[in-house]
Amino acid sequence: STYKPSLAARHNIHYHHESRSPRTPTTVMKVAISLIALCVVASVIGSPVPQNAQEPIIPYSYAYEVQDPEHNNYQNKAEVKTENGDVFGSYSLLHSDGLIYTTTYNVTAGHGFRSSLRITDPNVQ
């Protein structure tokens, strides 16, 4: 019989098998430290840069009123934001008990959020 070289021999392909070294505690420790270091670097690179600049204050004001006698729906609201960021507002509604409930509120740098409720009877002068 005639010698026929294998496909690998004909194309000059060499196979190389490496034997795996056993996992030693030192190797495991090196891998663990490398992974932890990589995670720390990734978290530092991916975290946002702290910004010292404050968002600009944009003053506004709005108001609306609903007067719907057919459905007995009466309500209103108004709010203002000043140049220094303080907010003042109120809203009222005619409740099903026939009384008007008015909440007045403000948000200021010195006092935070404050509100008060006033209940009035529209039939009493």
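What follows is a short chat about reading this predicted model, one feature at a time.

Me: Before we start, what should I know about the numbering and the predicted model?

Reply: Residues are counted from 1 along each chain as its sequence is written, and side-chain values use heavy atoms, with hydrogens and water left out. Since you're looking at a predicted model, local features need pLDDT of at least 70 and side-chain atom pairs count only at pLDDT 80 or more, while totals for chains, interfaces and linings use all residues.

Me: How many helices and strands does the protein have?

Reply: Helices (H or I, at least four residues) and strands (E, at least two) are DSSP runs, numbered from the N terminus. Here you get two helices and five strands, and along the sequence they come as α-α-β-β-β-β-β.

Me: In what order do the five strands sit in the sheet?

Reply: The general idea first: strands of a sheet pair through backbone hydrogen bonds, either parallel or antiparallel. Two strands are called paired if DSSP finds at least two bridges between them. In this structure the order is β1-β2-β3-β4-β5, in an open sheet with antiparallel pairing. β1 (60-68) and β5 (112-120) are the edge strands with a single partner each, so one side of each has no neighbour in the sheet. Neighbouring strands are turned by 10 degrees against each other on average, direction ignored. For that angle, axes are lines fitted to C-alpha atoms (for helices over the stretch in contact), and angles run from 0 to 180 degrees between N-to-C directions.

Me: Which residues face each other as bridge partners in β1 and β2?

Reply: β1 and β2 pair in the antiparallel sense over nine bridges. Among the partners, D68 goes with N73, V66 with Q75, and A63 with A78. Next along, β2 and β3 also run antiparallel, joined by seven bridges, and K77 stands opposite Y91 there.

Me: What is the phi of N72?

Reply: As background, most residues other than glycine have a negative phi, and most peptide bonds are trans. N72 has a positive phi, near 55 degrees, and is not a glycine. You'll find N72 in the loop between β1 and β2, a hairpin with four residues between the strands. The hairpin of β2 and β3 has five residues between the strands, and there G85 takes a positive phi near 95 degrees.

Me: Is N72 buried, exposed or partly exposed, and what are the cut-offs?

Reply: Buried means under 20% relative accessible area, exposed over 50%, and partly exposed in between (1.4 Å probe, protein chains only). N72 has 46%, so it counts as partly exposed. N123, in the segment after β5, is exposed at 68%. The C-alpha atoms of N123 and G98 are separated by 8.9 Å, with the two residues 25 apart along the chain. Over the whole protein, buried residues make up 8% of the 125 residues.

Me: Which residues does S92 touch?

Reply: Contact means heavy atoms within 4.5 Å. S92 is in strand β3 and, at 12% relative accessibility, is buried. Leaving out residues up to four places away in sequence, S92 touches Y74, Q75, N76, I100, Y101 and T102. With T102 there is also a polar contact between side chains, at 2.7 Å. A polar contact is a pair of N or O atoms within 3.5 Å; within protein, one must be able to donate a hydrogen and the other to accept it, and residues adjacent in sequence count only if both atoms are side-chain atoms.

Me: Where does D86 lie, and which side chain of opposite charge is nearest to D86?

Reply: D86 lies in the loop between β2 (73-81) and β3 (87-94). For charge, Lys and Arg count as positive and Asp and Glu as negative; His and the chain ends are not counted. A salt bridge is a side-chain nitrogen of Lys or Arg within 4 Å of a carboxyl oxygen of Asp or Glu. D86 is buried yet has no salt bridge, and the nearest side chain of opposite charge, K81, is 9.4 Å away. A polar atom of the D86 side chain does lie 3.4 Å from the backbone nitrogen of A109.
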